[in-house]
Amino acid sequence: MFRQGIRQFGTTALRAAAAEGATSYGVRVSQAQGVVNGLTEAIGNTPLIRLKKLSEQTGCNVLGKAEFQNPGGSVKDRAALFVVKDAEEKGLIRPGGTVVEGTAGNTGIGLAHVCRSKGYKLVIYMPNTQSQGKIDLLRLLGAEVYPVPAVPFDNPQNYNHQARRHAEALENAVWTNQFDNVANRQAHVETTGPEIWAQTAGKIDAFTCATGTGGTLAGTTRYLKTVSDGRVKSILADPPGSVLHSYIETCGKLMERSGGSITEGIGQGRVTDNLRPDIDLVDWSLSVSDEKTIEMVYRCLDEEGLYLGASSALNVVAAKEVAEKMGKGHTVVTMLCDGAYRYADRLFSNSWLQSKNLRSSIPKHLEKYVVLP
């Protein structure tokens with residue numbers, strides 16, 4: 001009986017020690033996070049995930065910032081919070097007021113969460129090319145949504161201009177102007193850049209991501225360049241239909257915008273005010289085809305267990321190519337902007353892939369994930 005009691009005690013002690021070891025990291029993270037005061041304080045401080053397969057293949061540390069873990073599910077939560085805070089600090093909106101924005105989706109979702117938590121109404125104008133899932137979610141979150149025809153920025157009917165006019169016609173309303181409101185960029189100077197630097201203990205050699213408003217690339221680049229005294233490289237990743245790759249590669253000559261991409265919320269036909277102050281800090285750029293992007297959507301799911309949207313997958317392609325260019329032993333960081341949940345009806349649909357001539361881009365061993373008709 002005594003021996004049995006000793007064995008039970010020893011087994012219990014071993015289990016407790018093992019549990020303590022297994023959870024010590026989680027406990028340290030929890031202690032560091034503490035309790036946050038409402039949804040807005042839960043934005044940011046996302047994990048940096050080492051992409052194991054790509055890291056092994058390239059001989060580098062390829063890291064992705066898990067922005068899909070923000071409360072609204074994307075990197076755009078950061079910009080949403082900062083543009084609203086900026087409006088409050090400048091006295092542009094008072095309690096019970098209305099926020100108006102033109103957005104391709106994720107900024108609107110971030111704004112919807114922030115506005116609900118702060119008691120503001122929200123009106124969204126967006127191109128009618130966006131996924132129905134995003135539109136439905138915005139409405140479920142209480143936003144008033146106006147999908148309008150997708151036309152160039154210089155057209156008065158562009159969704160951004162319609163959003164501005166809507167705000168101007170209301171009392172106690174503000175157009176947050178995500179593309180040219182530099183509070184967007186400041187969000188990444190103050191949060192994303194410092195987080196990446198701290199998480200890598202300063203051992204980062206390159207940062208790469210695509211850009212829509214320009215805030216993430218510009219703000220993160222500015223911080224990392226400053227803190228590293230220019231050592232960290234910055235690389236723009238660009239989808240088809242965007243002019244920014246050609247702008248950087250030709251030292252400032254905007255080329256004709258042509259074609260399009262399956263990605264949403266990235267690519268640009270102009271240099272925004274968010275990007276302008278820092279575009280000269282970008283070291284080089286990459287153009288990433290839709291074929292490479294869609295293959296990486298499936299590779300990340302299969303190899304890493306990461307269910308990523310197309311813009312995130314494009315960023316991972318860029319990180320892989322930057323790692324290959326820089327050579328073994330480097331650390332490359334990119335942004336995992338959002339998950340695939342809002343795009344599943346497209347990205348994993350056989351008929352949609354065929355309609356975009358992308359079905360053949362899915363490797364044979366990954367075809368098992370094409371589960372929708």
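This is a predicted model: local features need pLDDT of at least 70, side-chain atom pairs count only at pLDDT 80 or more; totals for chains, interfaces and linings use all residues.
Colleague: How is the protein chain divided into domains?

Modeller: There are two assigned parts. Domain 1 covers 48-73 + 182-368, and domain 2 covers 94-171.

Colleague: How far apart are the C-alpha centres of domain 1 and domain 2?

Modeller: Those centres lie 25 Å apart. The contact draws nine residues from domain 1 and ten residues from domain 2.

Colleague: What area is buried between domain 1 and domain 2?

Modeller: About 820 Å². Carbon and sulfur atoms give 48% of that area.

Colleague: Which three residues supply 53% of the area that domain 1 buries against domain 2?

Modeller: Glu264, Arg270 and Arg342.

Colleague: How many residues line the second largest pocket, and which lie nearest its centre?

Modeller: The lining has 21 residues. Nearest the centre are Gln33, Asn45, Thr46, Pro47 and Gln199.

Colleague: Which helices each supply at least two residues of that lining?

Modeller: Helix 1 (2-33) and helix 7 (183-199). Helix 1 gives the largest share, five residues.

Colleague: How do the lining residues divide into nonpolar, polar and charged?

Modeller: Eleven are nonpolar, seven are polar and three are charged.

Notes:
Residues are numbered from 1 along each chain as its sequence is written. Side-chain values use heavy atoms; hydrogens and water are left out. On a 1 Å grid over the protein atoms alone, a cavity is a set of points where a 1.4 Å probe fits but cannot get out, and a pocket is an open set with protein on both sides within 12 Å along at least five of seven lines; lining residues have an atom within 4 Å of a point. Helices (H or I, at least four residues) and strands (E, at least two) are DSSP runs, numbered from the N terminus. Ala, Val, Leu, Ile, Met, Phe, Trp, Tyr, Cys and Pro count as nonpolar, Asp, Glu, Lys and Arg as charged, and the others, Gly among them, as polar. Domain bounds come from an automatic or database domain assignment. Contact means heavy atoms within 4.5 Å. Buried area is the accessible area (1.4 Å probe) that two parts lose on being put together, summed over both.
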